[in-house]
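Subject: Structure handover and findings

Hello,

Here is the structure I promised to pass on. Please open it alongside this email. My notes follow below.

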Amino acid sequence: MKRIIIIGAGASGLFCAIKCKELMNNVDVIVLEANKQPLKKLLATGNGRCNLSNKSLSFDQYNGEVTKPIQEIISQFDDQKEFLEEGLLTKWMGNLLYPASEQAKSVAEVL
Ligand SMILES: Cc1cc2nc3c(=O)[nH]c(=O)nc-3n(C[C@H](O)[C@H](O)[C@H](O)COP(=O)(O)OP(=O)(O)OC[C@H]3O[C@@H](n4cnc5c(N)ncnc54)[C@H](O)[C@@H]3O)c2cc1C
């Protein structure tokens with residue numbers, strides 16, 4: 001059994017933990033969080049509504065040297081489908097994607 005330790009139970013860390021469990025066999029995932037509760041920042045995002053994504057998500061907005069994998073992830077990632085698979089209904093409001101409930105709490109519960 002492989003053991004993966006993720007530092008930080010924010011949106012990134014928890015989504016990563018979910019994907020590790022979904023995509024890898026025989027893996028034990030541990031998430032370490034310094035705060036008493038996970039997802040503290042996520043609950044405040046988008047004025048408590050949690051803006052999950054936007055239509056102008058573009059590879060050009062990423063800096064750094066590791067460009068090819070980022071490009072592949074962005075071109076293949078279907079935000080609405082991914083969140084639906086985790087049990088979260090979402091909706092577009094203009095260019096911005098929100099949970100259908102318009103509450104960050106719904107996203108926190110799913111994660
Ligand atoms: C007011 C506000 C509104 C925002 N609105 C939006 C929005 O609408 N849409 C959007 O996409 N983004 C928004 N953001 C940005 C938002 O913070 C990020 O998108 C999201 O929270 C990033 O998640 P993360 O997991 O990368 O980081 P974080 O949420 O910061 O999570 C990192 C976690 O790691 C923990 N940690 C750090 N170091 C350690 C350690 N050494 N040991 C253990 N634990 C550790 C931290 O305590 C924290 O819980 C907003 C930010 C703020 C402040």
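Is Arg-49 buried, partly exposed or exposed? Arg-49 counts as partly exposed, at 28% relative accessibility. Keep in mind throughout that this is a predicted model.

**Arg-49 and Glu-102**

Arg-49 and Glu-102 form a salt bridge through their side chains, with N and O 3.5 Å apart. Arg-49 sits in the loop between S2 and S3, while Glu-102 sits in the loop between S5 and H4, so the pair ties together parts that are 53 residues apart in sequence. Glu-102 is partly exposed, with a relative accessible area of 28%. The backbone of Glu-102 also deserves a look. Its phi is near 60°, a positive value in a residue other than glycine.

**The Lys-19 network**

The salt bridge count comes to 9. Four residues are linked in a network of such bridges: Lys-19, Glu-22, Glu-82 and Glu-86.

Take Lys-19 and Glu-22 to begin with. Their side chains meet in a salt bridge at 2.8 Å, N to O. Both residues belong to helix H1. They are 3 residues apart there, which means a separation of about one helical turn. Lys-19 is buried, with a relative accessible area of 18%. The cut-off for buried is under 20%. Glu-22 counts as partly exposed, at 43% relative accessibility.

Now take Lys-19 and Glu-86. Their closest N and O atoms are 3.9 Å apart, and the pair forms a salt bridge. Lys-19 lies in helix H1, and Glu-86 lies in the loop between helix H3 (79–85) and S4, so this pair ties together parts that are 67 residues apart in sequence. Glu-86 counts as buried, at 18% relative accessibility.

As a reminder, strands of a sheet pair through backbone hydrogen bonds, either parallel or antiparallel.

The two pairings are as follows:

- S3 pairs with strand S5 (residues 96–99) in the antiparallel sense, over 2 bridges. Ser-53 stands opposite Leu-97 in S5.
- S4 pairs with S5 in the antiparallel sense, over 4 bridges. Trp-92 stands opposite Leu-97 in S5.

**Asn-26**

Where does Asn-26 lie? Asn-26 is in the loop between helix H1 (11–23) and strand S2 (27–32). Phi of Asn-26 is near 55°, a positive value in a residue other than glycine. Asn-26 counts as exposed, at 53% relative accessibility. The cut-off for exposed is over 50%.

**Ile-73**

Is Ile-73 buried or exposed? Ile-73 counts as exposed, with a relative accessibility of 53%. Ile-73 is found in helix H2, which runs over residues 68–76. From C-alpha to C-alpha, Ile-73 and Phe-59 are 9.4 Å apart in space. In sequence, these two are 14 residues apart.

**Where to look**

For a quick tour, begin at the salt bridge of Arg-49 and Glu-102. Move on to the network that includes Lys-19 and Glu-86. Finish with Asn-26 in its loop and Ile-73 in helix H2.

Best wishes

Methods:
Residues are numbered from 1 along each chain as its sequence is written. This is a predicted model: local features need pLDDT of at least 70, side-chain atom pairs count only at pLDDT 80 or more; totals for chains, interfaces and linings use all residues. Side-chain values use heavy atoms; hydrogens and water are left out. Two strands pair if DSSP finds at least two bridges between them. Buried means under 20% relative accessible area, exposed over 50%, partly exposed in between (1.4 Å probe, protein chains only).
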